[in-house]
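Open the model in a viewer and keep the sequence panel beside it.

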Amino acid sequence: MVTNIHPQRSRRLGVGYLRAFEAVARLLNFRAASEELALTQSAVSRQIQALEDEVGVSLFLRHTRSVELTLAGQQLLNAVSQSLPRLDTAVRQIRHHAGRRSISVTTFASLASMWLIPRLEAFQRQHPDIDIRVDASDNFVDLEDSDLDLALRFAPNSPAPAGAERLFGEQLAPMASPWLIKGQAAIRHASDLAQFTWIEEGQALGSSPGWQQWTVAQGQLALTPTRWLYFNYTYQMTQAALSGQGVVLARLPLVAENLERGELVEVLPGARLLAPHAYWLLLAPRSKARPEVQALRNWLMAQAELTRRSVGET
């Protein structure tokens, strides 16, 4: 039977004595617990007594040569045995990361998966002491009201985002897997694409142009494909094209490496469509002075220059 020592407490429990409680409850021996904790047996006993005073009930039944947990003690041990290891893990992680430099980056999912992430390993090889956290979300995040340091965004050329640096512009062009068009009649005109499935984005990012705008630019207002294939995200569209499911109006900056490796081919090289949008880099005002943030900024700008050259942007 649990013996009440004090009336019911309502204030929160102090955690200072839980380590001693866990050791005694696990070993069921005050002497063994004191040796494990490098404390005197009387010190451990005082900590347990103080904890029982706070809880308001006995946690142990003390016998001449042994102790056993009360029902209340077992209930507390169930909680403590889960919480203490989690606390220890958190402290180890804090100690491990103490003194390390880290950068938090926000960008939208397609740019993260198709342009940023494939390049990040090169930056981390150059800066092994800098940790990177990427928050890939299509939701806009205010850099001034968050813990993020740097943003990569897709926005109109005019007006440019305040304080932003331009990475590269947006060009779109029909592309397909080389084996999709292998054996097909030569593609020389926009109308030749009508024999293929057209891959389209269900909700174009930032109102960027799609197939409708492209056909208008080619003077083919009534041109339609044999069928349509819609996706939510650019990287899904590109994956479908890579697997030969149709022709995609691809964003050149994001598929530049696929073109270089021959995984995609530009089926009408002279039919690119320039979009009124661009990709931008922004730094959080509080983060600009940090050397690690500047290092990532400089590296990203250098990578952007390589992308501009690759797609022929002057």
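Predicted model: local features only at pLDDT ≥ 70, side-chain atom pairs only at ≥ 80, totals over all residues.

Residues are numbered from 1 along each chain as its sequence is written, and side-chain values use heavy atoms, with hydrogens and water left out.

**Whole protein.** Show the C-alpha trace: along its principal axes it spans about 95 × 45 × 35 Å. Colour by secondary structure to find 10 helices and 11 strands; these are DSSP runs numbered from the N terminus, helices being H or I of at least four residues and strands E of at least two. The radius of gyration, taken over C-alpha atoms, is 31 Å, well over the 20 Å that the globule rule (2.2 Å times the number of residues to the power 0.38) gives for 314 residues, so the protein is more spread out than a compact globule.

**Helix α2.** Select residues 30–37, which form α2. Which of its residues are buried (under 20% relative accessible area, 1.4 Å probe, protein chains only)? They are Phe30, Ala33 and Ser34. Looking down the axis of α2, the buried residues fall within an arc of 100° (from the directions of the helix axis to the C-beta atoms), so they line one face of the helix.

**Ends of α2.** At the start, select Asn29: one of its side-chain oxygens comes to within 2.9 Å of the backbone nitrogen of Arg31. After α2 comes Ala38, with a positive phi near 60°.

Notes
Buried < 20%, exposed > 50% of the residue type's maximum accessible area, 1.4 Å probe, protein only. Polar contact = N/O pair within 3.5 Å; in protein donor to acceptor, adjacent residues only side chain to side chain.
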